[in-house]
Number of protein chains: 2
Amino acid sequence: MKPLILVSNDDGIQASGVHSLIDVLVKLGEVVVVCPDSPQSGQSMAITSNSPLRIKPVEDYNGAKMYKVNGTPVDCIKLAMHTVIDRKPDLVVSGINHGSNASINAMYSGTMGAAFEGCAFGIPSIGFSLTNHSADADFSPCLPFVEAISRQVLENGLPEGVALNVNIPDCIPHPTEMRLTKGCKGRWTHEYKEYVDPLGQKFYWLTGSFINEEPENTDTDEWCLSHGIVSVVPVALDRTAQIDDFKILQLLT
Amino acid sequence: MKPLILVSNDDGIQASGVHSLIDVLVKLGEVVVVCPDSPQSGQSMAITSNSPLRIKPVEDYNGAKMYKVNGTPVDCIKLAMHTVIDRKPDLVVSGINHGSNASINAMYSGTMGAAFEGCAFGIPSIGFSLTNHSADADFSPCLPFVEAISRQVLENGLPEGVALNVNIPDCIPHPTEMRLTKGCKGRWTHEYKEYVDPLGQKFYWLTGSFINEEPENTDTDEWCLSHGIVSVVPVALDRTAQIDDFKILQLLT
């Protein structure tokens, strides 16, 4: 039996990134795609609990079964597992995201939300992102990396509770190297553009500038991306901090 | 100058949990409250990027300035920092959540989303939750723990990039002990109730049963909660896994 690969994303079922992803994955297994019916960027691991969800088939693409859900990326994985998936997938792949999910962006990312949800089901899971937000970004430089990484994870699995956050730089020349790295310390600043509506009331729209707080650290995802190298960060579902700090222990005395 | 404490939650500005929280925190500092204008449970670290946000003052409560935002818990923290907060807060506190945020629930939690966002701003941050979903839950057993932990974190801070996920069991007798612990391995099953609409189309509503996958492990948040003990889990903003696994390293060869 061919490996079963469940695919989702956060840019929605229409996005070109997921179609590029499917083009690679159909070479590796049976592909079922369950994506949001609308863009869900920045949805993190949000779940829909206050309203009903529907899953509807759409036209097959390149041999893959395709479905859309009126929810978040995590909803897509959960509802796929509950409905159209009849055996445990061998791999969950999310993306290819239109835009970077390096550094702190991984925390807000719906692409990574779907990958973490796959991980929560005990399935080896990967999120892929290209550092280009354009709807018509060229995903072809990603494809050799998507194929190599997906193939290796299908063969070898991943440690329990660990997914991969793969970011691919959109650069010329195209990347030829990838590295195991870690999430860069970074933050956003000037995060809102302020407006005044016709009634004189202020409103705000999310924007901002990313600040790399450790630009000299060569061991980060951001460093790799700015040097034309694909970044592979192993990320944990569980966030329990590995610390042994007396300041916290004092709490208990 | 009194410490500045920024408060949010995911149950919304009307929730009794946040009012109980404020009652404690006004004893410790100047309190500014910025909460969602509607329930935002399960919003994780979701951000609103596709629509405008507004922040509106509501009536002061017990000496605390109160505002509501038409967005997620993370939106509340971000927009508070951008607008009504004029110096770096000494503490961000989120909750008290109506319902447990132990084990994997911490990943979906909007309460913890707000705490992680505070952490992303470099502010010591805590999420508090009571294991009772009722709108009229009795939060009084939480208050000594909220006060003791908040006071200690104000005095001692927290390690960089680490927040606290505090869960308080709703039990008789009331808890008298708290422990530093870790997120329990757990998962949800039977996650949807299926319906058929009047047109014969299926729809689904999130529900489910939680399964503790390590019930014998006495070192977890779930064990503490089921034994009447308050659980304090230090949680990391960055999810880079602390692993050195050859299976991942093989990816790079």
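**A close look at one helix**

Guide: In helix α2(A), the buried residues are A:Pro73, A:Val74, A:Asp75, A:Cys76, A:Ile77, A:Lys78, A:Leu79, A:Ala80 and A:Met81. A residue counts as buried if 20 or more other C-beta atoms, placed from the backbone, lie within 10 Å of its own, as exposed if 12 or fewer do, and as partly exposed in between. Because 9 of its 10 residues are buried, α2(A) is largely enclosed by the rest of the structure. The model is predicted: local features need pLDDT of at least 70 and side-chain atom pairs count only at pLDDT 80 or more, while totals for chains, interfaces and linings use all residues. Residues are numbered from 1 along each chain as its sequence is written, with chains lettered from A and ligands numbered from 1 in the order in which they are written.

Helices (H or I, at least four residues) and strands (E, at least two) are DSSP runs numbered from the N terminus. Angles run from 0 to 180 degrees between the N-to-C directions of lines fitted to C-alpha atoms, for helices over the stretch in contact, and a contact means C-beta atoms within 7 Å, placed from the backbone.

With 11 of its 11 residues buried, α4(A) is largely enclosed by the rest of the structure. Its buried residues include A:Met112, A:Phe116, A:Glu117 and A:Cys119. After α4(A) comes A:Gly122, which has a positive phi, near 80°.

Chain A contains 7 helices and 13 strands. Its radius of gyration, 19 Å, is close to the 18 Å that the globule rule gives for 253 residues, so chain A is as compact as a globular protein of that length; the radius is taken over C-alpha atoms, and the rule is 2.2 Å times the number of residues to the power 0.38. Along its principal axes the C-alpha trace of chain A spans about 50 × 50 × 50 Å. Of the 253 residues of chain A, 54% are buried. Among contacts in chain A with a separation of 6 or more, 76% join residues 24 or more positions apart.

The contact draws 61 residues from chain A and 61 residues from chain B. On the side of chain A that touches chain B, the elements giving two or more residues are α2, α3 (105-108), α4, α5 (143-156), β8, β11 (202-206), β13 (230-236) and α7 (246-249) of chain A. The most is given by β13(A), with 5 residues. By class, this side of chain A has 36 nonpolar, 15 polar and 10 charged residues; Ala, Val, Leu, Ile, Met, Phe, Trp, Tyr, Cys and Pro count as nonpolar, Asp, Glu, Lys and Arg as charged, and the others, Gly among them, as polar.

Chain B has its own open sheet of 9 strands, in the order β3-β4-β2-β1-β5-β6-β7-β13-β8 with mixed pairing. Strands β3 (55-61) and β8 (178-180) of chain B are its edge strands, each pairing on one side only. Strand β1 (residues 4-8) of chain B runs parallel to β5 (residues 91-98) of chain B, joined by 4 bridges, and B:Ile5 stands opposite B:Leu91 in β5(B).

How values were computed: Contact = placed C-beta atoms within 7 Å. Pairing = 2+ DSSP bridges.
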